[in-house]
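Here are my notes on the structure below. Please read them with the coordinates open.

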Amino acid sequence: MCHTSHRHPIFCILPPHVLRSIAQRGNPEQRVMATNTLAVDATLRAFRASAQTFAAAPSVDALANPGEKRRTIYTANHTQQLPGQRVRGEGDPPSGDVSVNEAYDGLGDTWDFFWNTYGRNSIDDEGLPLDATVHFGQNYNNAFWNSQQMVFGDGDGQIFNRFTVSLDVIGHELTHGVTEDEAQLAYLFQPGALNESVSDIFGSLVKQQRRHQAAKDADWLIGEGLLAPGIQGIALRSMKEPGSAYDDPILGKDPQPAHMKNFVHTYDDNGGVHINSGIPNHAFYLAATRLAGYAWEKAGRIWYETLRDARLRQNSGFKRFATLTAANAARLFGTSSVEHAVVVSAWQDVGVPVSGGSPALTP
Amino acid sequence: MLVCRFPEDHRRSPRKHADPTVRAADKKCSVQITFKTSGGIAYFPGLAAGKTIDVDTLPQDRQAEIRRLLESTKFFDLPARTAAKPGAADYQTYTIMVSDRDRQKTVAVSDPVPPELARLVELLRELTSR
């Protein structure tokens, strides 16, 4: 813990009982610092848990027909009960509730994207029904994937708007389900940042396909429209220019790096999963824009095949992921192809060296 | 020694039917809560720092509710950590540190928060927002 950029290194060497004592008797600032240090324990515990067996995949409905989506939207009615009350099922007419309709349409766009582009039948490629709950909690400023369904808060209206407003955020959450089904990248440190990056990439591609945008015309923003009026920012993240999405008195400044030289060492945020994802995000942006055309056709295909590659492990870091994207570019387009060269150069430009052209990776 | 009206003190208190807010003004009963939210769909440096509430300085109804919740949830006996499900992502984790003169306890829970702690987390979120 002591080789982090922690501003108060003394907390690294104090035993927990002393920390607790500071927490008990210290002034507010000292208490906050002690709480931060104690919170590190949560990350380490999550790390140990991730080494254990993953939960069994949700059961597959054997009656699902290939190419048939089945969506169900629930409302938590501002409680935290999941899934809540069913308000719209597949084929039902639009509701009078904009969040319900945005969730329904967003799930549909995301399902269509994976089916039409990569022939993937839902999250598990076996027709898993898609469930989402809206109106979760009171003024709840978040959206998350609970390993079975998507959950969206309404936002407090002061910092955040409702979380169904951005199609790429819906795609982002659903892609967490795809990653869980395929690579099961641990939600910590570099594997966690890759997990986040994969969700940003395919979330953005869902939006780009919906808008029929070529890579050069896309905004490459995640969560545009999510920040409330008055907040100084345009989105949650920018894949084009990581670190530029917001700079605001309340939110602080977007901390995302675009290059390994600015990699953030932290135990917060599960080891910086939403921070360092800027690096692989930018590598994808560079590859997609250099390859031109629609980003989902070449770069997206390469990244998708990498996510499905058995050589990608739960604990893989940036370097292994990058090497596998190069390997899949070579497999799909040829070892001396432009696509392979572009992928290698994209990673090099964010400071992740790709070893060789042909990977010496054991399964 | 008579201190704050928390579960274990309850039995020893000669005034066990007293309004829990009555003793709040007593400095010996000072209760502090530090609340920190981490995780979520993005990392915001400005929202990442924990905030400390001096419960005694809150309006009476808030003080009473917090003291009731700490008792009804048996806060000092809760497990230190309720882990998120494997495979879950973008969930928030709430770290709650409560201390009085004699005791200190830190509990971390992740979304979706267990029903018995939902109100406490909601109230602390409201009290620490801006």
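1. **A strand residue in chain A.** A:Phe136 lies in strand 3 (residues 130-136) of chain A. Helices (H or I, at least four residues) and strands (E, at least two) are DSSP runs, numbered from the N terminus. A:Phe136 is buried, at a relative accessible area of 0%. Buried means under 20% relative accessible area, exposed over 50%, and partly exposed in between (1.4 Å probe, protein chains only).

2. **Basis of the model.** This is a predicted model, in which local features need pLDDT of at least 70 and side-chain atom pairs count only at pLDDT 80 or more, while totals for chains, interfaces and linings use all residues. Residues are numbered from 1 along each chain as its sequence is written, chains are lettered from A and ligands numbered from 1 in the order in which they are written, and side-chain values use heavy atoms, with hydrogens and water left out.

3. **Neighbours of A:Phe136.** What does A:Phe136 touch, leaving aside residues up to four places away in sequence? Its contacts (heavy atoms within 4.5 Å) include A:Ala76, A:Leu82, A:Phe144 and A:Phe152. B:Pro112 is also among them. A:Gly155 is 19 residues from A:Phe136 along the chain, and their C-alpha atoms are separated by 9.4 Å.

4. **Helix 6 of chain A.** Helix 6 (residues 189-210) has 22 residues, which should span 32 Å at 1.5 Å a residue. The expected span is 1.5 Å times one less than the number of residues. The end C-alpha atoms are 32 Å apart, so the model agrees. This helix is mostly covered, with 19 of its 22 residues buried. Just after helix 6, A:His212 takes a positive phi of about 55°.

5. A:Lys207 and A:Asp219 form a salt bridge through their side chains (3.1 Å, N to O). The term means a side-chain nitrogen of Lys or Arg within 4 Å of a carboxyl oxygen of Asp or Glu. A:Lys207 sits in helix 6 and A:Asp219 in the loop between helix 6 and strand 6 (221-222) of chain A, so the pair ties together parts that are twelve residues apart in sequence. A:Lys207 is buried, at 4% relative accessible area. A:Asp219 is partly exposed, at 22%.

6. **A second bridge in chain A.** The side chains of A:Glu339 and A:Lys298 also meet in a salt bridge (3.0 Å, N to O). This pair links distant parts of the chain, 41 residues apart. A:Glu339 is in helix 11 (residues 338-349), and A:Lys298 is in the loop between helix 8 (278-291) and helix 9 (299-308). A:Glu339 counts as buried at 11% relative accessibility, whereas A:Lys298 is partly exposed at 32%.

7. **Charges in chain B.** B:Glu65 and B:Arg62 form a salt bridge, with their closest N and O atoms 3.7 Å apart. They are three residues apart in helix 3 (residues 60-72) of chain B, so about one helical turn separates them. B:Glu65 counts as buried, at 16% relative accessibility. A network of salt bridges links B:Arg62, B:Glu65, B:Arg119, B:Glu122 and B:Glu126. Over all chains, a search of the whole structure finds 27 salt bridges.

8. **The largest nonpolar core.** A nonpolar core is a set of buried Ala, Val, Leu, Ile, Met, Phe, Trp, Tyr and Cys residues joined through side-chain atoms within 4.5 Å. The largest has 50 residues. Those touching the most other members include A:Phe202, A:Trp220 and A:Trp347. Helix 8 of chain A gives the most to this core, with eight residues.

9. **The sheet of chain B.** In what order do the five strands of the open sheet lie? The order is 2-1-4-5-3, with mixed pairing. Strands pair if DSSP finds at least two bridges between them. Strand 1 (residues 32-39) and strand 4 (residues 92-99) of chain B run antiparallel, joined by eight bridges. B:Gly39 has B:Gln92 as its bridge partner in strand 4.

10. **Whole chains.** Chain A has eleven helices and nine strands; chain B has four helices and five strands. Of the 363 residues of chain A, 57% count as buried. For the 130 residues of chain B, the figure is 58%.
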